[in-house]
Every structure is written in C-alpha cells, then in structure tokens.
Amino acid sequence: DVTEIEEKEAQAKQEEQIMKEQELSNLLHEKRYLKALGLAISLDRPHTVLTVVKAILKEPEGRRHLEENIVRLRKDQKEAVLAFLVTWNTNSRNCHEAQAVLETLLKHEAPDSLLQFSGVKSAVESLLPYT
C-alpha cells in the first residue's frame, strides 16, 4: 500500500510551498526585489511577479530599480516575465507595469537575443493589439 507514502509526499510538497510563500512575503517586506522576482518566477506565479513589479515601481526611482532588477534576471526568467507581461498588458489596470517591463527588455536586450527567447513570436503578436 503506497497511500501513506503518497500522502507524506503531498504533505511535504504543501509544506515546501508554504515555506516558499513565507519566504516570498519576507523578501517583499525586506525590499529584496531581485530574489522576490526570482522566487515568484520559479513558483510560476504571474500575479505575484506583477505584485513585485508594482512594489518596485512605487519606490523612489522605481523605473531605475526595475531596470536594474530585470537586467539581472537569467534568460529563462526573462522569457517567463515576457510571457507574463503579455497577459498583464491585456488589462488596463496592469498595462503600465507591463509596458515598463517590456521597455526594459527592449532597451537592454539585443534584437538577436530577443529573437532567441522561446515564444517571442506569439508574445509580439499578442502585444501588438494592446500596445
């Protein structure tokens, strides 16, 4: 009977998820935005990434801080953020944050580099009507 083992594994995953949520909350409270962005991206939480972006933009010189943090992300994290911002851009409440992140990506990534991102073609097609 593997039921008990499966229950323990499920409980361990749930506990790990709760720990990561708490860590994310602590990172936001401590204004450690780069780590918070990385953790939210790894958890595949677009809304949480948006919350971090909004928190950064509320800071004095928020645009500069946003640029500094987005530029320091890994390529796979930037790809995830690009996918997230496509969704954010369709909502008028979140479009300004999406445009700020998009501007940073366009400013700091070479066109050839952007073309290597997975899903960039569909992202551009989705962004055009709303941008």
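Two residues are said here to be in contact when heavy atoms of one lie within 4.5 Å of heavy atoms of the other. The structure above is a predicted model, in which local features need pLDDT of at least 70 and side-chain atom pairs count only at pLDDT 80 or more, while totals for chains, interfaces and linings use all residues. Residues are numbered from 1 along each chain as its sequence is written, and side-chain values use heavy atoms, with hydrogens and water left out.

## The chain as a whole

The protein chain has eight helices and zero strands, where helices (H or I, at least four residues) and strands (E, at least two) are DSSP runs numbered from the N terminus. Read from the N terminus on, the elements therefore follow the order α-α-α-α-α-α-α-α. Along its principal axes, the C-alpha trace spans about 55 × 35 × 25 Å. Of the 131 residues in the chain, 36% are buried; buried means under 20% relative accessible area, exposed means over 50%, and partly exposed covers what lies in between, with a 1.4 Å probe and protein chains only. Among contacts between residues at least 6 apart in sequence, 59% join residues at least 24 apart.

An unreviewed UniProt entry carries the annotation "domain: U3 small nucleolar RNA-associated protein 13 C-terminal" for residues 21-131; such positions are given in the numbering used here, feature names are shortened, and annotations may be inferred rather than shown by experiment. In the model, this span is 76% helix and 0% strand, and its end C-alpha atoms lie 32 Å apart.

Helix α3 (residues 46-58) packs with α5 at an angle of about 85°, and their axes are 10 Å apart. Here axes are lines fitted to C-alpha atoms, for helices over the stretch in contact, and angles run from 0 to 180 degrees between N-to-C directions. Angles under 35 degrees count as roughly parallel, over 145 as roughly antiparallel, 65 to 115 as roughly perpendicular and the rest as oblique, and α3 and α5 are therefore roughly perpendicular to each other.

Which residues meet where α3 and α5 touch? From α3 come Pro 46, Val 49, Leu 50 and Val 53, and from α5 come Val 81, Phe 84 and Trp 88. The residues of this contact divide into seven nonpolar, no polar and no charged, given that Ala, Val, Leu, Ile, Met, Phe, Trp, Tyr, Cys and Pro count as nonpolar, Asp, Glu, Lys and Arg as charged, and the others, Gly among them, as polar.

## Charged pairs

Side chains of opposite charge can pair when their charged atoms come close. A salt bridge is counted when a side-chain nitrogen of Lys or Arg lies within 4 Å of a carboxyl oxygen of Asp or Glu, and by this rule the model has 13 salt bridges. The table lists some of them.

| Pair | N to O distance |
|---|---|
| Lys 8 and Glu 4 | 3.6 Å |
| Lys 20 and Glu 16 | 3.5 Å |
| Glu 109 and Lys 78 | 2.4 Å |

Lys 8 and Glu 4 both lie in helix α1 (residues 3-29), four residues apart, which is about one turn of the helix, and Lys 8 is exposed, with a relative accessible area of 52%. Lys 20 and Glu 16 are also in helix α1, and because they are four residues apart, about one helical turn separates them. Lys 20 is partly exposed at a relative accessible area of 27%, and Glu 16 is partly exposed at 46%.

## Individual residues

Lys 31, found in the loop between α1 and α2 (33-42), has a positive phi of about 60° although it is not a glycine. Asp 44, in the loop between α2 and α3, is a residue other than glycine with a positive phi, near 55°, and Asp 44 is exposed, with a relative accessible area of 53%.

Leaving aside neighbours within four places in sequence, Asn 69 is in contact with Tyr 33, Leu 34, Leu 37 and Ile 56.
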